[in-house]
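Good morning, and thank you for coming. Today I shall present one structure and discuss how its parts pack together.

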Amino acid sequence: MLVVRGVIAAGTIVSGAIVLVEMLLRVYAGWAILPGAVLGVAMIALGIYRLRQIAAVFHARKTT
Amino acid sequence: MASKSSTAKPELRRSVTPWGSFSWGYSDVGADIFVGLGLVLACAAGATNVAFLFAGVVYVCIGLAYTELAATYPVAGGGQYFVMRGLGDFFGFIAGWAVLLDFTIDVTLFAWSSVDYTSQLLPALVNSIHPWIHFIVVLGLVVGLALLNVIGVRESTAFNGVVSALDVISETLILCFGFLFAFAPHLLLHAMHFNWPTPYQLMLGTSLAIVSFVGLESISQAAQETQRPASIIPRTSVALILTILIFALAYSNLALGLQPWHPIVDAAGHHLQFWQIFPHNADNQGKAVALLAAQIPYYGVFAALYVPVLGAVLLLISSNSGVFGSSRIAYAMSTSNLLPSIFQRVHATFRTPAISIVFFAAIAVVELVFSAAPALYPHAAAIYARFFHNENGLEFLADLYAFGAATSYSFVFLGLIALRMTDPLSPRKFKIPFNVPMTFRGERVDFPIVAVIGFIGIFSILIFTLRTHPLGRIFGPTWLLLGIVLYLVYRRYRRLPLLRSQPRDWRATQVDILRRSGELELMDEYVASVKASDARRAARGT
């Protein structure tokens with residue numbers, strides 16, 4: 001189950017990166033890309049947060 | 001011994017697990033986008049995603065504040081308790097009373113919207129065509145949920161968990177298919193450039209967007225019933241905050257840039273963008289996510305069938321969170337002598353605050369009558385049209401929801417700042433980032449910059465609400481005034497200080513809170529910090 005969660009978290013990071021790049025490619029539109037860019041950053045942040053939690057669980061299992 | 005056990009005061013059970021804690025919050029906040037999306041699209045048009053972004057940034061600040069406070073003070077009172085500890089009894093009451101308004105609105109608003117989503121499959125429930133059937137079904141849901149909550153919480157949390165999981169999967173699939181097959185960035189940019197709203201509409205849309213982020217209170221409400229809250233609450237809250245923010249931003253961007261699978265035309269035969277079906281159409285506003293899901297290529301065939309059902313169930317759970325939350329706040333306010341003691345009576349068999357549940361469900365029914373009146377009675381519709389900008393039932397509820405949320409959250413930020421200054425010794429397993437270290441009354445404290453930013457943001461939303469919501473600016477302050485009168489009468493009757501706080505031993509209370517929540521290491525840490533602080537003061541001679 002933890003592996004599945006890890007894959008989902010990694011997918012979230014990749015999706016967020018795609019959204020962020022898509023928005024940055026349209027930087028000519030000015031501030032209109034801001035909501036999309038924040039969306040990408042939030043997805044990356046959530047993915048990293050989940051991966052850190054999963055890593056902590058793995059670490060705890062290894063040490064006990 | 002037998003006598004002691006028979007007279008022991010019943011307490012709320014600690015039956016909410018980590019996933020249960022997440023799902024209580026998710027089922028409340030996560031459902032908000034089902035209601036908020038259509039309302040904001042109708043008002044903010046091409047700036048819908050900007051409205052959600054502004055409200056979302058404020059929401060992140062609120063979420064972080066609640067996470068820190070609920071982990072530090074894991075009691076059932078939520079916002080009102082934090083404000084009471086930080087600013088005193090009177091302001092604690094105002095914050096709590098505003099939250100109570102929100103939760104009673106939550107019960108009605110989400111039951112109402114649940115029926116709207118169901119109407120996508122059952123046209124007999126469409127409000128504009130069959131208002132009486134719509135009203136009776138919503139009424140039945142509110143009464144039914146009240147009875148469910150009188151029976152107990154354990155069954156509800158298990159159900160919440162399953163539906164929340166289904167919804168997260170479903171919303172993710174809709175977004176994946178939507179962005180892959182139906183999202184046209186040029187449509188998004190076109191909508192933003194050529195359909196930018198007036199400042200008034202943008203303020204209205206932003207104040208309604210905060211509706212999509214209300215409900216973190218549920219997590220702190222569940223804190224008293226969560227196992228090891230100081231550890232669990234931050235873990236679930238941060239994931240919840242980011243998940244909700246992502247869904248809100250993703251849905252608003254997708255809705256503006258959606259290339260409809262099936263052409264949408266108006267009465268004159270003109271092609272419309274997806275978001276253009278919401279202004280001046282209350283039926284559509286109430287079921288925006290179901291309408292969007294049906295316009296997703298390929299997946300929409302399947303989504304059109306199940307999203308209305310899933311949305312209806314999730315909204316019903318959110319409505320249930322309102323019943324749960326209002327009864328727990330009233331319970332906590334009563335134990336703090338902010339409300340009459342009748343609200344802290346726990347049912348001997350079910351161990352739930354049955355009287356609180358029934359009382360606030362009754363208020364929810366009164367709000368339902370007010371919101372349904374324009375559709376049910378032509379005379380009421382004429383009054384609403386003349387004095388309240390012709391607001392419909394959904395907008396009436398959203399007005400009050402935004403007012404209650406903005407008021408209580410404003411006080412919570414002030415409470416957080418005050419507690420950082422006056423109670424630096426309580427162990428904070430989670431602390432909002434970006435703090436300025438300083439010394440206050442001889443103790444090292446961290447001044448929270450994020451709380452100041454959040455306060456400015458939510459206070460501006462409160463101003464937007466009062467400026468743009470004709471019903472909110474009348475009924476919201478009226479609710480607060482009625483509450484203040486009730487509070488003053490009760491405090492006078494009990495011979496308690498009216499505007500000042502009654503004396504409390506917060507140190508002993510904090511030890512008791514940590515002991516009861518099972519956070520024994522934190523309790524020891526707190527006791528040691530207090531002793532060290534006292535020793536420092538004695539050494540200084542203060």
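Let me begin with a term: two residues are in contact if their C-beta atoms, placed from the backbone, lie within 7 Å. Please keep in mind that this is a predicted model.

With that term in hand, consider Ala65(B). Which residues does Ala65(B) contact, leaving aside its neighbours within four places in sequence? They are Val412(B), Phe413(B), Leu416(B), Ile432(B), Ala451(B) and Gly454(B). Ala65(B) also has a place in the largest nonpolar core, which has 184 residues. Within that core, Ala65(B) and Ile210(B) are the residues that touch the most other members.

In chain B, the axes of α4(B) and helix α19, residues 449-468, come within 9 Å and cross at roughly 130°. The two helices are therefore oblique to each other. The crossing of α4(B) past α19(B) is left-handed. On the α4(B) side, the contact includes Cys61(B), Ile62(B), Leu64(B) and Ala65(B); on the α19(B) side, it includes Ala451(B), Ile453(B), Gly454(B) and Gly457(B). By class, this contact has twelve nonpolar, two polar and no charged residues.

Helix α4, residues 48-72 of chain B, has a further partner in helix α3, residues 32-44 of that chain. Here the angle is about 120°, and the axes are 8 Å apart. Are α3(B) and α4(B) parallel or oblique? They are oblique to each other, and α3(B) passes α4(B) in a right-handed crossing. Val40(B), Leu41(B) and Ala44(B) of α3(B) make this contact with Thr48(B), Ala51(B) and Phe52(B) of α4(B). Five of these residues are nonpolar, one is polar and none is charged.

The contact of α6(B) with α7(B) comprises eight nonpolar, three polar and no charged residues.

Finally, I turn to the two chains. How many residues of chain A are in contact with chain B? There are 15, and they meet 18 residues of chain B. The chain A side of this contact has eleven nonpolar, two polar and two charged residues.

How values were computed:
Residues are numbered from 1 along each chain as its sequence is written. Chains are lettered from A and ligands numbered from 1 in the order in which they are written. This is a predicted model: local features need pLDDT of at least 70, side-chain atom pairs count only at pLDDT 80 or more; totals for chains, interfaces and linings use all residues. Ala, Val, Leu, Ile, Met, Phe, Trp, Tyr, Cys and Pro count as nonpolar, Asp, Glu, Lys and Arg as charged, and the others, Gly among them, as polar. A nonpolar core is a set of buried Ala, Val, Leu, Ile, Met, Phe, Trp, Tyr and Cys residues joined through C-beta atoms within 7 Å. A residue is buried if 20 or more other C-beta atoms lie within 10 Å of its own, exposed if 12 or fewer, and partly exposed in between; C-beta atoms are placed from the backbone. Axes are lines fitted to C-alpha atoms, for helices over the stretch in contact, and angles run from 0 to 180 degrees between N-to-C directions. Helices (H or I, at least four residues) and strands (E, at least two) are DSSP runs, numbered from the N terminus. Angles under 35 degrees count as roughly parallel, over 145 as roughly antiparallel, 65 to 115 as roughly perpendicular and the rest as oblique. A crossing is left-handed if the near helix is turned anticlockwise from the far one by less than a right angle, and right-handed if clockwise.
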